[in-house]
Amino acid sequence: MKAIEFRDVHYEIAGRPILRGVSFTVEAGETLVLLGRSGSGKTTALRLVNALAYPTRGEVLVNGRATADSDPIALRRGIGYVIQEGGLFPHWTVAANIGLAPRLNGWTAQKTSARVDELLTTIGMDGGDYASRRPRQLSGGQRQLVGVARALGADPPILLFDEPFGALDPITRLELQNWFLSMRERLKKTALFVTHDVSEALLLGTRIALLDEGELAWEGPAADFRRARLPQAQAFLACLRTPEEPGASSHA
C-alpha cells in the first residue's frame, strides 16, 4: 500500500524552482530517506507531505488522497513531525508536550495520561520525574526522544523526520539512530526521513531517494546505493572512505 506518493511534483517560490518533476512512493511500513546537500529540496518535500506547502504542479498523495483535496488540520493530526531539538514547548512539562496530539484529538485526560506513560516507557524515560521536567532540564538526546514521543502521541501511521539527530554529538546520535531502528521494528510506522549524512541514510533507510538541485537523481534500496555510479551519489559515497581505502588521499 502506498502511504505517500509524489507525482511529477514541482514547487517554486517567486518563480525560482525548488523541486522539479519529483516522483517517488513510500510504501506502508518502510523508511524512505531523502538524502541531499543543503538546498536540494529535502525539507520542502517533507513540508509538502503535511500540507505546510502545496505543489506548484503535480500532486502529493497521502494514503491515496491528494493533499490539495484534504483538510490540512485532519491531515496533520494523522502525521507525526520531528525536527531538530524536538521543537518542544519550553515552558510545558515533558508530559504536557507528549500529550499535545492526544488532547488535540479529543482524548480524555485519563486516556492521554495513560498514553504519555506508555510513551515515556517506549523512550526509556519512565523512571524518575521525567514527566514533570521542563525541556531545559533534559539533555539534547532526551529532548530529541521526547520530540519523537510527542510525534507518536496520537499513534499516527506516518512519521516525518527533518534531520532530527543532526545537532547531537556522535555518540548520542548513534544511540538514537539505533533506538530509531528498534522503534521502527516494533511499531511498524511509515517514515520519511530527511538527512544530508550518507552514513545515517545507509543505516536507517530501507530505501534512499537522492535529491540534487531539486531533482530526483537516484532512488532505490539502501543496499544498492553504494553501487550507484552517478557523480552525485559518488560525491556522497566519498564521505565514507578512510585514508586507507582505495581512492582516498593519504598524508605522510
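A: Buried means under 20% relative accessible area, exposed over 50%, and partly exposed in between (1.4 Å probe, protein chains only). This is a predicted model, in which local features need pLDDT of at least 70 and side-chain atom pairs count only at pLDDT 80 or more, while totals for chains, interfaces and linings use all residues. Residues are numbered from 1 along each chain as its sequence is written, and side-chain values use heavy atoms, with hydrogens and water left out.

Q: Is Arg 207 buried or exposed?

A: Arg 207 is buried, because its relative accessible area is 14%. Arg 207 belongs to strand S9 (residues 207–212); helices (H or I, at least four residues) and strands (E, at least two) are DSSP runs, numbered from the N terminus.

Q: Which side chain makes a polar contact with the side chain of Arg 207?

A: A polar contact is a pair of N or O atoms within 3.5 Å; within protein, one must be able to donate a hydrogen and the other to accept it, and residues adjacent in sequence count only if both atoms are side-chain atoms. Here the partner is the side chain of Glu 30, at 2.6 Å. Leaving aside residues up to four places away in sequence, Arg 207 also touches others, including Thr 25, Val 33, Glu 219 and Pro 221; contact means heavy atoms within 4.5 Å.

Q: What is the strand order in the open sheet of 4 strands?

A: Two strands pair if DSSP finds at least two bridges between them. The order is S2-S1-S4-S5, with antiparallel pairing. Strand S2 (16–27) and strand S5 (65–66) are at the edges with a single partner strand each, so one side of each has no neighbour in the sheet.

Q: How many bridges join S1 to S4?

A: Strand S1 (residues 2–13) and strand S4 (residues 57–62) run antiparallel and are joined by 5 bridges; Glu 5, for example, has Leu 61 in S4 as its bridge partner. Leu 61 also stands opposite Ala 66 in S5. S4 and S5 share 2 antiparallel bridges and form a hairpin with 2 residues between them, where Asn 63 in the turn has a positive phi of about 55°.

Q: Which helix lies across S1, S2 and S4?

A: Helix H1 (residues 42–49) does, running at about 120° to S1. Axes are lines fitted to C-alpha atoms, for helices over the stretch in contact, and angles run from 0 to 180 degrees between N-to-C directions.

Q: Which residues of H7 are buried?

A: The buried residues are Thr 172, Arg 173, Leu 176, Gln 177, Trp 179, Phe 180, Met 183 and Arg 184. They lie on the same side of H7, because they cover an arc of only 165° around the axis; the arc is that of the directions from the helix axis to the C-beta atoms. The face turned away from that side carries the exposed residues Pro 170, Ile 171, Glu 175 and Glu 185. Among the elements covering the buried residues are strand S3 (31–36), helix H5 (109–122) and helix H8 (198–204).

Q: What is found at the start of H7?

A: A side-chain oxygen of Asp 169 comes within 3.1 Å of the backbone nitrogen of Ile 171. Just after H7, Lys 188 has a positive phi of about 60°.

Q: Where is Asp 155 found?

A: Asp 155 sits in the loop between H6 and S7. Most residues other than glycine have a negative phi. Asp 155, not a glycine, has a positive phi of about 60°, and counts as partly exposed at 45% relative accessibility. Asp 8, in strand S1, has a positive phi near 45° and is partly exposed at 42% relative accessibility.
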